[in-house]
Amino acid sequence: MFAIDAIARETVVFAAIGFLVGGCDDLAIDIGWIWITLTRRRPALPRTLDAYRQTPPRRIAVFVAAWDESTVIGAMLRSALARFEHEDYRLYVGTYPNDRATIDAVAAVAACDPRVRLVINSRPGPTTKADCLNAVWRALERDEARDGVPVAAVVLHDAEDLVHPGELRVFDALIGRYAVVQLPVLPLVDRGAPLVSGHYADEFADAHSRQMVVRQALGVGLPLAGVGCAIERQMLGRIAAARDGLPFDAGSIVEDYELGLLIATLGGRGVLARVRADGELVAVRAYFPATVPTAVRQKARWMTGIALAGWDRIGWGRALDWRDHWMRMRDRRAPLAVLVLFVAYTAFIAWGVALVAHALAGRAAAPPSAAMLALLHLNGALLAWRLVWRAAATGAAYGWREALWSLPRALVSNYVALLAARSAMTAYVRSLRGTALRWDKTSHVFPGAIERTEPGSEH
């Protein structure tokens with residue numbers, strides 16, 4: 001019984017302190033967002049799409065890396081061609097020689113529209129997404145040399161993205177003033193799997209309405225989402241010149257995240273552009289994984305690249321800059337947060353076992369100390385605060401019904417993170433032993449194939 005009491009007591013102390021640290025970290029972001037909002041310290045960007053006009057329009061290149069995407073890439077390209085409201089753009093799609101189905105799907109669209117450019121990597125896939133993008137970059141350079149028309153920006157998208165008609169107008173107007181522009185990402189909620197698919201909606205709604213705003217105000221690098229982001233062509237050329245002509249780091253599995261931070265260290269300014277068209281955010285919409293195994297695979301890749309391998313690859317940024325260090329620590333806290341969460345669940349079980357053991361023995365369990373009670377109450381208040389803010393962010397983007405769904409989805413998010421941490425640690429240890437990190441992508445569905453809840457919808 002003494003051993004059970006000791007385990008329960010020590011795990012509660014560890015978890016309570018861990019939750020307090022994480023809760024205060026999140027609270028600092030919330031307070032920063034409130035201060036930024038009240039003092040109006042956001043970039044002075046026009047809020048409506050009508051104000052975004054670049055005359056004459058500049059050429060923009062849209063990069064799409066596609067491995068095993070034959071089921072969605074054709075629909076995505078046709079949708080983008082029909083939706084983009086811009087007069088001068090090209091869609092570059094990177095494929096692999098051993099993925100004939102995807103090549104055929106892209107070729108079928110390219111045959112009907114010269115704005116689509118099929119690029120076939122010289123190496124069989126899958127390599128990394130960054131390696132695929134480098135092949136596309138080389139094709140862009142050849143086209144620029146042949147046509148004599150340089151592009152103003154490179155826009156990144158995935159094969160399952162539903163693009164917004166006005167996004168290229170926003171990019172064209174802001175690139176030059178900023179080296180990188182990120183649009184909000186609003187995942188679509190699969191009504192057949194509202195808990196798993198929906199927890200992405202909660203996380204992105206919170207990150208792209210609050211956390212990125214604070215990062216921007218602090219003047220630190222903005223981690224790119226890999227979709228709905230535009231990078232100045234000259235900046236990419238500058239990075240490529242320092243990397244043997246290739247702007248994307250082929251050794252990274254989170255090249256978008258690292259690229260955003262690198263641009264900041266090179267002096268490039270980034271901005272999160274929250275622009276509305278007829279009341280709707282100009283944003284990227286797409287389905288994210290809707291099952292636990294696929295969500296775990298994706299989260300494990302993010303955790304491996306950002307929180308584990310990223311520690312080794314890109315370090316802590318500018319020396320003695322507390323703002324940069326703070327944001328990178330937040331990016332890398334996921335494994336520690338999962339450890340705290342695991343210990344907390346262990347503590348919950350241990351306390352239950354201890355209570356049962358004491359009841360069977362006819363002895364009363366020792367009550368928690370006053371200090372511990374105060375700490376538990378404080379953590380409870382911080383948890384309630386966090387859930388309210390999470391629900392508010394989701395509600396602002398998707399409506400009140402999804403805001404209510406965000407509460408049980410917080411548990412799903414924790415469960416997925418616990419499983420992903422194990423996979424991420426395994427992948428990281430393998431990489432330390434020399435195993436190359438690969439593009440471990442999940443299968444995708446293009447919007448329209450299944451019932452969905454769009455941002456702002458009350459369905």
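Helices and strands are DSSP runs, numbered from the N terminus. The model described here is predicted. In this model, D68 is found in the loop between strand β1 (60-65) and helix α2. D68 is not a glycine, yet its phi is positive, at about 55 degrees. P126 lies in the loop between β3 (116-120) and α4 (129-147). The peptide bond that joins G125 and P126 is cis, with omega at about 0 degrees.

Helix α2, which spans residues 73-83, packs with helix α3, residues 100-110. The two axes come within 8 Å and cross at roughly 25 degrees. Angles under 35 degrees count as roughly parallel, and α2 and α3 are therefore roughly parallel to each other. Their crossing is right-handed. On the α2 side, the contact is formed by I73, G74, L77, R78 and L81. These residues meet T102, A105, V106 and V109 of α3. By class, the contact of α2 with α3 comprises six nonpolar residues, two polar and one charged.

Helix α11 (residues 334-361) and helix α13 (residues 400-432) pack at an angle of about 110 degrees. Their axes lie 10 Å apart. Angles of 65 to 115 degrees count as roughly perpendicular, so α11 and α13 are roughly perpendicular to each other. The crossing of α11 and α13 is left-handed. From α11, V338, L341, F342 and Y345 take part in the contact. Eight residues of the contact of α11 with α13 are nonpolar and one is polar. No charged residue is present in the contact of α11 with α13.

The second largest pocket holds about 750 Å³ of space. Its lining is made up of 29 residues. Of these, R42, R47, S209, V213 and R274 are the closest to the pocket centre. Three helices, α1 (2-39), α6 (196-218) and α12 (370-398), each supply at least two residues of the lining of this pocket. Helix α6 gives the most to the lining, with eight residues. By class, the lining of the second largest pocket has 18 nonpolar residues, four polar and seven charged.

Definitions and conventions. Residues numbered from 1 in each chain as written. Predicted model: local features only at pLDDT ≥ 70, side-chain atom pairs only at ≥ 80, totals over all residues. Heavy atoms only, no water. Axes fitted to C-alpha atoms, helices over the stretch in contact; angles between N-to-C directions. Helix = DSSP H or I, 4+ residues; strand = E, 2+ residues; numbered from the N terminus. Parallel < 35°, antiparallel > 145°, perpendicular 65-115°, else oblique. Left-handed = near helix turned anticlockwise from the far one by under 90°. Contact = heavy atoms within 4.5 Å. Nonpolar A, V, L, I, M, F, W, Y, C, P; charged D, E, K, R; others polar. 1 Å grid on protein atoms, 1.4 Å probe; cavity = no way out; pocket = protein on both sides within 12 Å on 5 of 7 lines; lining within 4 Å. Points joined across faces, edges and corners; volume = space filled by probe spheres on them.
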